[in-house]
There are 2 protein chains.
Amino acid sequence: MLPVEPSTAAGSAPSLGLIYVPKSCDLLADRLRTQILDGTIADGAALPAERDLVLQTGLSRGSVREALRILQTEGLVMTRPGRLGGSVARRPGDDAMARYVGMFVQGRGISLLSLLQTREAIGPKLAALAARNRNDEDLDALLDATRRVEDAFADVPVYLAENVNWHRTVAVASHNELLKSFVVAISDLVYKASAIENFANDDVRNLVIKAHRRIADAIAAQDAEAAERRMARHLTAITQQMQAFVQTPLVLR
Amino acid sequence: MLPVEPSTAAGSAPSLGLIYVPKSCDLLADRLRTQILDGTIADGAALPAERDLVLQTGLSRGSVREALRILQTEGLVMTRPGRLGGSVARRPGDDAMARYVGMFVQGRGISLLSLLQTREAIGPKLAALAARNRNDEDLDALLDATRRVEDAFADVPVYLAENVNWHRTVAVASHNELLKSFVVAISDLVYKASAIENFANDDVRNLVIKAHRRIADAIAAQDAEAAERRMARHLTAITQQMQAFVQTPLVLR
DNA sequence: CCCAGATTATTGGTCAAACCATTGACTGAT
DNA sequence: ATCAGTCAATGGTTTGACCAATAATCTGGG
């Protein structure tokens, strides 16, 4: 992985790995990425202006811009033009994770079934953690989210959006940011698929609302085992309901 | 999210979202990304040379290069210099997923506990799917991987690497590429952490090997329920074992 | 004194034209 | 046939200029 120093001696060891010749923009991007990820450059802190980076690094402006473009693509900096513009550092966020997971799903032609299986894997543990780790604000948010899904019963598009938000709220309550980022990414994709497929008839929506209520109760009571079990049953049921639509590979956008 | 067409009429509707002014390199990157993800540009197919893209798009070479740099960062193209070099399309892969998950974990200071919890969430379902969906080659690979872990008992670094490979093999057998990419990314991070912490003493390694054998048996017998249960117990036990090291935030590299 | 509009400075965005570095194919001498 | 040299095509890098967006600053009228 690392660059290898070419040996100057004539008859030296014959075992040399492939040597990777780093590009100048990669070197700069690596340096800045390291500093952003380890906090040397704090979240929200401004990076030097492009022309300053040129002076500091000795690279051309084109190379500096390519380095910044890399970091932008990774979601580690936000750049705005204009006076007092420039690049500011950002910690990696759920949005970038969701973006990449979406590309993965679309590019690999991941089936809706695989997506639902993944949600089935993550959801129950998430509910258990939420029951164990929630605080009062998490509970308030969850009860509110639960109510909003119920209130949106009649308006299917709003209902679907609120449904995604409900799962997201459970994820927040789990206080596990990695699992949360996964479920946010997946729920978003399931939402897009379900919005297309239009499978959520009145009966399904009623069952979902009942399940949400029972899961929220378990989380409120901090009963991790019940929350896990109920979420598992809920997600399994949803997968069953969507089984008719599940055969075909997932198409997005 | 999407760009908004500015209205030409004078007294038009007052509700306008923020309008995002797209950059030229983003437009080109979007076009190429779409074609790569939907297969119009097949995996392994060559993109036009930079100078050809300049002619085709009317953009400058700098903008074309920034567009390609975006796609490189997303893992959607590989670029090599030299004659017959150029950019070739690649489908999004586990490596890019692992890279981004790693950045997320490091940048957000995700704890080792959260990482282990995520593996606890995903692992059991993965084992169940492996038991259900495995074919003969998957089973051969799993038995081989199981043996390799056992053979590496004495050499801890090799043992740890083979351990990661074992989990990866189970993931492959599940035939769920999304779950697989998650577990590959996470196992890699757990491996790095465990390599640092040096917690795998003889007793732990013995227990792990026994658990692997029992799980492999269940997958061989296509007993999904047993595989899921045993994997859950296995990962819970591992988390318990690592609990002493789990308090501190995860430090990588 | 205050405020609206014009001005200006700073920043990223884009373009153009070179030249360098790497790589593989081609060619010709041996 | 083989091998070394040459050549062509490609990405990598630099330079310098100008455009576009934005907010601080100035200026003149009230």
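Through which surface do the copies, chain A and chain B, meet? The points below take up this question and then the rest of the model, which is predicted.

1. The meeting surface. Of the interface residues of chain A, 100% are also interface residues in chain B, so the copies meet through the same surface. In numbers, 35 residues of chain A are in contact with 35 residues of chain B. On chain A, the elements that give two or more residues to this side are helix H1 (24–37), helix H3 (61–73), helix H4 (94–108), helix H5 (112–133) and helix H8 (177–197). H5(A) gives the most, with nine residues. Sorted by class, the side of chain A that touches chain B holds 17 nonpolar, nine polar and nine charged residues.

2. The symmetry. Two copies of a chain are related by a rotation about an axis and a shift along it. Here a rotation of 180°, with 0.0 Å of shift along its axis, superposes chain A on chain B, and the RMSD is 0.1 Å. This is the relation of a two-fold axis.

3. The fold of chain A. Chain A has 10 helices and two strands. Along the sequence the pattern reads α-α-α-β-β-α-α-α-α-α-α-α. Of the 253 residues in chain A, 41% are buried. Among contacts in chain A between residues at least 6 apart in sequence, 67% join residues at least 24 apart.

4. The hairpin. Strand E1 (residues 77–80) of chain A pairs with E2(A) in the antiparallel sense, over four bridges. Thr79(A) has Ser87(A) in E2(A) as its bridge partner. Five residues lie between the strands of this hairpin, and Gly82(A) has a positive phi near 95°.

5. DNA strand C. H3(B) gives the most, with three residues. By class, the surface near DNA strand C divides into seven nonpolar, 10 polar and seven charged residues.

6. DNA strand D. There are 25 residues around DNA strand D, and those that come nearest are Ser24(A), Gly62(A), Gly82(A), Arg83(A) and Gly86(B). Two or more residues each come from H1 and H3 of chain A and from helix H2 (50–57) and strand E2 (86–89) of chain B. H3(A) gives the most to the surface near DNA strand D, with three residues. The classes on this surface are seven nonpolar, 11 polar and seven charged.

7. The nonpolar core. In soluble globular proteins, nonpolar side chains tend to be buried together. In this model the largest nonpolar core has 122 residues. Ala127(A), Ile219(A), Ala127(B) and Ile219(B) have the most contacts inside this core. Leaving out residues up to four places away in sequence, Ile219(A) touches Ala127(A), Ala130(A), Ala131(A), Arg134(A), Leu142(A), Ala173(A) and Ala227(A).

Terms used. Residues numbered from 1 in each chain as written. Chains lettered and ligands numbered in written order. Predicted model: local features only at pLDDT ≥ 70, side-chain atom pairs only at ≥ 80, totals over all residues. Nonpolar A, V, L, I, M, F, W, Y, C, P; charged D, E, K, R; others polar. Contact = placed C-beta atoms within 7 Å. Near = placed C-beta within 6 Å. Pairing = 2+ DSSP bridges. Least-squares fit on C-alpha atoms with pLDDT ≥ 70 in both. Buried ≥ 20, exposed ≤ 12 C-beta atoms within 10 Å, placed from the backbone. Core = buried A, V, L, I, M, F, W, Y, C linked by C-beta atoms within 7 Å.
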